[in-house]
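Please keep the model open while reading.

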Amino acid sequence: MSAAPGRSQASSHRSPQGEAPVSAALLDVENLCTSFFTEDGEVRSVDGVSLRLERGEVLGLVGESGSGKSVMGLSLMGLIDSPGKIVAGSIRLDGEELVGAPEHAMRRLRGPRLGMIFQDPLMSLNPVLRIETTLIETLMAHEFIDSATAHRRALAALTDVGIPSPAQRMRGYPHEMSGGMRQRVAIAAALLPGPQLLIADEPTTALDVTIQSQILHLLQNLVAARGLALIMISHDLSVVASLADRVAVMYAGRIVESGPVQQILSRPAHPYTRGLIHSAPVMSEPGTPLPQIRGAPPSPLGRPAGCAFAPRCDRASSSCMSMPALTDLHIGHAVRCWHPHLEARLPGVAA
Amino acid sequence: MTAHTEGLPVQDVALELRHVGKIFDQKPDWIARILRRLGVAIQDYRLVAVHDINLQIAPGEMVGLVGESGCGKSTLGRIAAGLRAPTSGEVNYKGVRVDAAGTRMPARERLKIQMVFQDPMASLNPRRRVGELIAEGAVYHGLWTRTEAAQRVADLLVEVGLDPGHAHRYPHQFSGGQRQRIAIAQALSVNPDVLVCDEPVAALDVSIQAQVLNLLMELRQRRNLTCLFISHDLAVIRHVCDRVAVMYLGRIVELAPARSIFEDAQHPYTRALLGEILRIDGGRRQFTPIQGELPSPLNPPSGCAFHPRCPKASAICASEAPPLQTQQGGWAVACHHPG
Amino acid sequence: MSALSSKPLAAPAAATPPPPSRGMRLVRAYMRNRMALFGLLLMLVVLFLAVFAPWIAPQNPYDLKQLSLMDARRPPGTESMAGFTFVLGTDALGRDIWSGILYGLRISLTVAVVSALVALTIGSTLGLTAAWRGGRTDALIMRIVDLQMSFPSILVALILLAVLGRGVDKTIIALVTVQWAYYARTIRASAMIEREKEYIEAASCMRLGAWRIMTRHLLPNCLPPLMVVVTVQIAHAISLEATLSFLGIGLPETEPSLGLLIASGYAHLLTGTYWISIFPGIALLIAIFAINLVADHLRDLLNPRLAR
């Protein structure tokens, strides 16, 4: 199933007529499993996740705490450190296998091919280095250019992300900027080497609503302008709804529903997705009790056998004692449930 | 101040904030003073967190306080709960002064105003059992005897939806949502009239938020609580509150009934905030974000604090800060060009 | 999706046993480290010897009636007049070195532990008060702490004991004076962080008195770094006390500590009767080493756990 690292594959399937092979998806993840071996036992944070991402596509990865969405992002980047480990599965970036790739191969990929931004921009920006040092350092680590060219490109990158008076800001430090601006710089730093895929792990969660809007607007523009593929990890369905083409909902380490964003939001099939959408305050008449999902997300240590959502589900039955497989409901809309909803959801109350 | 409380005798207004202001300033130390004498320009650190806030909350009413970071809502919440002393103005509970700067009310009476905090991890003492934490205030002030404490704690745990048998456990043995329920139980143990909730659901998982919001709404109904609900999320506030106060850089810029603020917001900032709300069913959107950054409270713009970012700004906006003017229908706006 | 159900959940899912308490996890993590276990074992052995000295020691070296000048400066392994073997030899007065070490450990440990505990109490009170009150109180207390810490401990102890004279209680006073500042500073740092946390605000909301909040809410949460300081300080106190005794001040000759034993054999070191100084010296080394080992691992363990 996996190609040797460094050798790209022309395609992974041929078109039905047996003609020239269609180009493979940009990212092809197959049955990925990531575990953390702690003193309390093995914690399977990501438990058999498969997904595909085409070039220029925006995928939203939605989940709550314990769903494994952040670990998923880190696994894709190869940033899982001991006591964690990718224990099974494959990740193919443009045909190149990432699981098991040696660190120097991953370093070649991180930056020029794969980028990541985090909830806290200070995870990307060293607080004791000037902005220009961080940006130029990144660039010169990956390409053979002189510092003047690097400086020019860094300046251009800052302008691209909308930083006012970039030349001045370059000489400054991260703590001199506001949260929103720091996140912009982090985005600039991630995009500077020109990656094909950007992973954004809750980039706007810590920001105010007005700044969040600005950052999402920026990401939207960058995706359109550069044909960037984006994986947007968030706990907030509405953020994903506004930006993504496709959505994958994660629960307890597995994908429970995936498909085109409009389809998922208007006809959510999985009871969890439906519950999430209906419990949002905008969806109910003000003052009335909100529809809620009872119980709490399972801790990664104590996951029940069978469907992880069953204890909280009103539609659970004895068949839910065994884990349902991810099956296609319609084209492109897959759900992991024995009793999926087939009808459209209740329309939201107008604002 | 509003239609709800006009004409009400002073002692019937549950919570009143009158001209409340809070300034954090750091007097220069002796080295800085010497340097200043020598001619070095040393800047005074002066942060106006909250400026001239007037708010009256009627009994049983739930008022929301919404704003972004730096607007002073958390500081105002703490002043209202009596945890911080205001630099100017006063907080009155049923006509009697309760703020930390000048209250003469005995501690036991001040228990009537309680607070629920944002971070359920940090708001419970990790080294005490939850039963002890819930009972501590009531036992200390003599509201409960030690013998009845166990039963009262069990009753409270049931009321907030937890298993009463878990009173002997430690906070870290509960999940985030459960801890928040414990925090609410602790606040309710002394039978408060007024509850200040500082972002009570912001740190919780989305699927748990609805549970805790429902709990708060139910408790408010059952115990006829007056609430000050602080949040950055307008959607949540609209759902649970009767009235909304929108804050920007330490001032209230709009005060309106929660139901109608979504349709008829008058202040440009409120409009912008509403425009930023992402809807699940809104579809792919074209973002039209407000330009500019939130100004730092250390260096606020002159006149109306919002004018650098306001699409309607004019000359008067830069020079004069608009006062909060009451209009009909219980609405109040602080803007030179409302509507 | 169920109909609008706002009923709070009846009970949390399944009767899962609660996760182990923080204390248990700490103990388990500690046990996992060989070096740490070794240090703990060694420390327990030292403690055991010190506590049960009167029953283990073959001779009470301070009971003049049991001594015999005929036994003076006997090498290790000699038979005594009373019939037992001098395992480690005798000193100039005929005292068994092994017994001397046991009794010496006893005194050293007692003095060190008592002074550490008293310094802990005084230092914690002052540090907590400084952190809670802030402002002038804080500035005043911290300046005194700074002043205290800028003097070398030996110097302060020397001067104090020169004034106070010899004696166990006076030594303890000197040691307390030298140590309290570390406790104050450590607990103040911890308390300043904890003070901002919301559970303290919740306690203030309950209008509990300041003293109650400090002792029942603030203090227990500031303990982890203090535990490390206590352990390190005990080792430091032992060593300081040994130094003072070596110099001839501090503990009286009637209750000699290891330092005094070392001092008494100092003159004879090069003439061949090495055992009078060397063995107490080794005992001192082992005691301090064991305590430092334990303290080190405690610090390592508590550090990542401090981040909640």
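Predicted model: local features only at pLDDT ≥ 70, side-chain atom pairs only at ≥ 80, totals over all residues.

Q: What is the average pLDDT of chain A, and where is the pLDDT below 50?

A: The pLDDT is the predictor's confidence in each residue, from 0 to 100. Chain A has an average of 85, and 91% of its residues score at least 70. In residues 1-22 of chain A, however, the pLDDT is below 50, and this stretch has 30 contacts in the model beyond near neighbours in sequence; two residues are in contact if their C-beta atoms, placed from the backbone, lie within 7 Å.

Q: How many residues of chain A are in contact with chain B, and which helix gives the most?

A: The contact joins 39 residues of chain A to 37 residues of chain B. On the chain A side, α6 (179-191), α7 (209-226), α8 (237-243), α9 (261-266) and α10 (271-278) each supply at least two residues, where helices (H or I, at least four residues) and strands (E, at least two) are DSSP runs, numbered from the N terminus. The most comes from α7(A), with seven residues. Sorted by class, the side of chain A that touches chain B has 20 nonpolar, 17 polar and two charged residues, with Ala, Val, Leu, Ile, Met, Phe, Trp, Tyr, Cys and Pro counted as nonpolar, Asp, Glu, Lys and Arg as charged, and the others, Gly among them, as polar.

Q: Why does the radius of gyration of chain B agree with that of a compact globule?

A: The radius of gyration is taken over C-alpha atoms, and the globule rule is 2.2 Å times the number of residues to the power 0.38. Because a compact globule of 339 residues would have a radius of gyration near 20 Å, the 22 Å of chain B agrees. The C-alpha trace of chain B spans about 65 × 60 × 45 Å along its principal axes, and its secondary structure comes to 11 helices and 12 strands.

Q: How many residues of α2(B) are buried?

A: A residue is buried if 20 or more other C-beta atoms lie within 10 Å of its own, exposed if 12 or fewer, and partly exposed in between, with C-beta atoms placed from the backbone. In helix α2 (residues 73-80) of chain B, eight of its eight residues are buried, including K73(B) and R78(B). Across chain B, buried residues make up 50% of the 339 residues.

Q: How do α4(C) and α7(C) pack?

A: Two packed helices are described by the angle between their axes and the distance between the axes. Here the axes are lines fitted to C-alpha atoms, for helices over the stretch in contact, and angles run from 0 to 180 degrees between N-to-C directions. For α4(C) and helix α7 (residues 168-195) of chain C, the angle is about 35° and the axes are 5 Å apart. By class, their contact has 24 nonpolar, six polar and three charged residues.

Q: Where does S108(C) lie, and which residues does S108(C) touch?

A: S108(C) lies in helix α4 (residues 97-133) of chain C, and is buried because 29 other C-beta atoms lie within 10 Å. Not counting residues up to four places away in sequence, S108(C) touches I238(C), E241(C), A242(C), S257(C) and L258(C).

Q: Which peptide bond is cis, and which phi does K94(B) have?

A: Most residues other than glycine have a negative phi, and most peptide bonds are trans. The bond from S82(A) to P83(A) is cis, with omega near 10°, and P83(A) is in the loop between α1 (69-77) and β4 (84-93) of chain A. K94(B), not a glycine, has a positive phi of about 50° and lies in the loop between β4 (88-93) and β5 (96-97) of chain B. L249(B), also not a glycine, has a positive phi of about 50°. K94(B) counts as partly exposed, with 18 C-beta neighbours inside 10 Å, whereas L249(B) counts as buried, with 24.

Definitions and conventions. Residues numbered from 1 in each chain as written. Chains lettered and ligands numbered in written order.
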